[in-house]
Amino acid sequence: MDEKKKSESGIRWRWVAMVAVIALLLAINTKASWNYFLWNDNQNPNRCKQESCKYTGMVEDCCCDYETVNVLNEEVLNPLLQELVTTPFFRYFKAKLWCDCPFWPDDGMCRLRDCSVCECPENEFPETFRKPSNVLRKEDLMCQEGKPEAAVDRTLDKKVFRGWAEVDNPWTSDDETDNSEMTYVNLLLNPERYTGYTGPSARRIWDAIYSENCPRYASGEMCQEKKVLYKLISGLHASISVHIAADYLLDEATNTWGQNFDVMHDRVLRHPERVRNLYFTFLFVLRAVTKASDYLEQAEYDTGNHEDDLKTQSLLKQLLYNQKLRAACPLPFDEAKLWQGQSGPELKQQIQKQFRNISALMDCVGCEKCRLWGKLQVLGLGTALKTLLSVEGDNHLNQPLQLQLQRNEVIALLNLLNRLSESVKLVHEMAPSVDKIVGQVSGPPSQKVGTLQRIWQSVNDLRSRKSS
């Protein structure tokens, strides 16, 4: 009888000890999991917490706040731009798609057929594009009479359009006046989306852009003009990433396309600076378009189809002179604060050279469709820079602002504004869903399950020993 009691007592103590061990292991595991989350939050300063993902207040270096931008974009800008870029005038873009990379041998490999571009046959794009009329030569451009004030005049002459210019853009590397190697592309048939272009070739393009031509200067080392260039490239990069994530090949076997929330989170949303730079770039380009409003209103949008051309002009006027936009955000970006001081002209030449190098890097993109959209958006950004920052003469404070654009520059500028508008809209709409979905997926729970599995394995071992 005593032996039996001793045996039962020993079993009870073993079970008590086992329960204590389980409780201890669970406590250790819970603490470890909590420490895991804290470590990741502390070690990753770019991790976007829910509070910091809500962008409020003024967009940095701009004259408009995030809330106003989102409302104007949703109610006014995006609907007009989406319709405008489908018109015959704005859907055809002229580009040199087959140029040798001036920096290194082309080694880009595209994994998908979506990488290639469908070029237009000559009878598809407008006849007026092939035989342009009323084209201005460089020697025909005459300086307009300026105003005597010492401050920068942000307006353009009311009688500004006298024909599409045949003048090369000093901010880009391609010679837009050379039509010998140009081909027209229908942008509606070649949407900006995921192409499978990844790996070292793609990374080398962005590495060259940031490290060689648009470096991230340390705090206090970046002047305002170089800061603008960095933010423009960063914002454009973010926009491209948004469009890749928004139109992604989810299943190659079934050719299923859709939104990739992980890509959107990893490349854009978890980096608040990239989102802020996207908004900045959008407002910068919007300012270029509104500044050139008189020029763009008077421009000739002749495609040979009178009804389509009238629609194009009507949509542009609605965009350029929208009362909601003018009342809520009359000056999206103030370019007057740039190029101040004696070093202004030298600094402009330096930044202009850097941007031309960035433009030239587009010939090194190993994916044809990526190269197309890269060239279009860089030309659009170069046109915005040309509109806002280029002034004739050395002493820009006493010189009139003069603007002459090529047809292709205007097509690129408005298509870029549409791309940025769509990116801002997608970021605003997708961010809550991305945060919710990504927030449900994390590493530590799998570690916790593994620990519990080991505990139950220990329990089973003890049971096995008892039964034996």
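So, α13: 21 of its 22 residues are buried, which leaves this helix mostly covered. Buried here is under 20% relative accessible area, exposed is over 50%, and partly exposed is in between, with a 1.4 Å probe and protein chains only. Helices are DSSP runs of H or I with at least four residues, strands are E runs with at least two, and the numbering starts at the N terminus. How does the span of α13 agree with 1.5 Å a residue? The 22 residues should span 32 Å and the end C-alpha atoms sit 31 Å apart, so that agrees. The expected span, by the way, is 1.5 Å times one less than the number of residues in the helix.

Before I go on, this is a predicted model, so local features need pLDDT of at least 70 and side-chain atom pairs count only at pLDDT 80 or more, while totals for chains, interfaces and linings use all residues. Residues are numbered from 1 along each chain as its sequence is written, and side-chain values use heavy atoms, with hydrogens and water left out.

Same check on α12, residues 344-361: its 18 residues should span 26 Å, and the end C-alpha atoms are 26 Å apart, which agrees. The buried residues of α12 include Leu347, Ile351, Phe355 and Ile358, but also Lys348, Gln352 and Gln354. Leaving out neighbours within four places in sequence, Ser359 is in contact with Thr172, Ser173, Asp174 and Val378; contact means heavy atoms within 4.5 Å.

One more helix position: Val410, in α14, residues 407-439. Is Val410 buried or exposed? Buried, with a relative accessible area of 0%. Thr383 is 27 residues away from Val410 along the chain, and their C-alpha atoms are separated by 7.7 Å.

The largest pocket comes out at about 860 Å³. For the method: on a 1 Å grid over the protein atoms alone, a pocket is an open set of points with protein on both sides within 12 Å along at least five of seven lines, whereas in a cavity a 1.4 Å probe fits but cannot get out; lining residues have an atom within 4 Å of a point. Points are joined across faces, edges and corners, and the volume is the space filled by probe spheres set on the points.

Which residues are closest to the centre of the largest pocket? Out of 37 lining residues, they are Trp206, His237, Ile240, Ser241 and Ile244. The elements giving two or more residues to that lining are α5 (200-213), α6 (224-246), α8 (272-291) and α13 (368-389), and α6 gives the most, with nine. By class, the lining has 19 nonpolar, 11 polar and seven charged residues. Nonpolar means Ala, Val, Leu, Ile, Met, Phe, Trp, Tyr, Cys and Pro; charged means Asp, Glu, Lys and Arg; the others, Gly among them, are polar.

Ser241 sits in α6 and counts as buried because its relative accessibility is 7%. Not counting residues up to four places away in sequence, Ser241 touches Arg267 and Val268. Asp266 is 25 residues from Ser241 in sequence and 9.8 Å away in space, C-alpha to C-alpha.

Asp61 has a positive phi of about 65° and isn't a glycine. It lies in the loop between α1 (2-43) and α2, and at 19% relative accessibility it counts as buried. Asn255, also not a glycine, has a positive phi near 55°. Asn255 is in the loop between β3 (248-251) and β4 (256-258), and at 44% it counts as partly exposed.

Last thing, confidence. pLDDT is the predictor's confidence in each residue, from 0 to 100. The chain averages 75, and 62% of the residues score at least 70. Confidence is highest in α2 (residues 66-84), at a mean of 97, and lowest in α15 (residues 444-467), at 48. Over residues 442-452 the pLDDT is below 50, and that stretch has 11 contacts beyond near neighbours in sequence. Where pLDDT is low, the predicted coordinates should not be read in detail.
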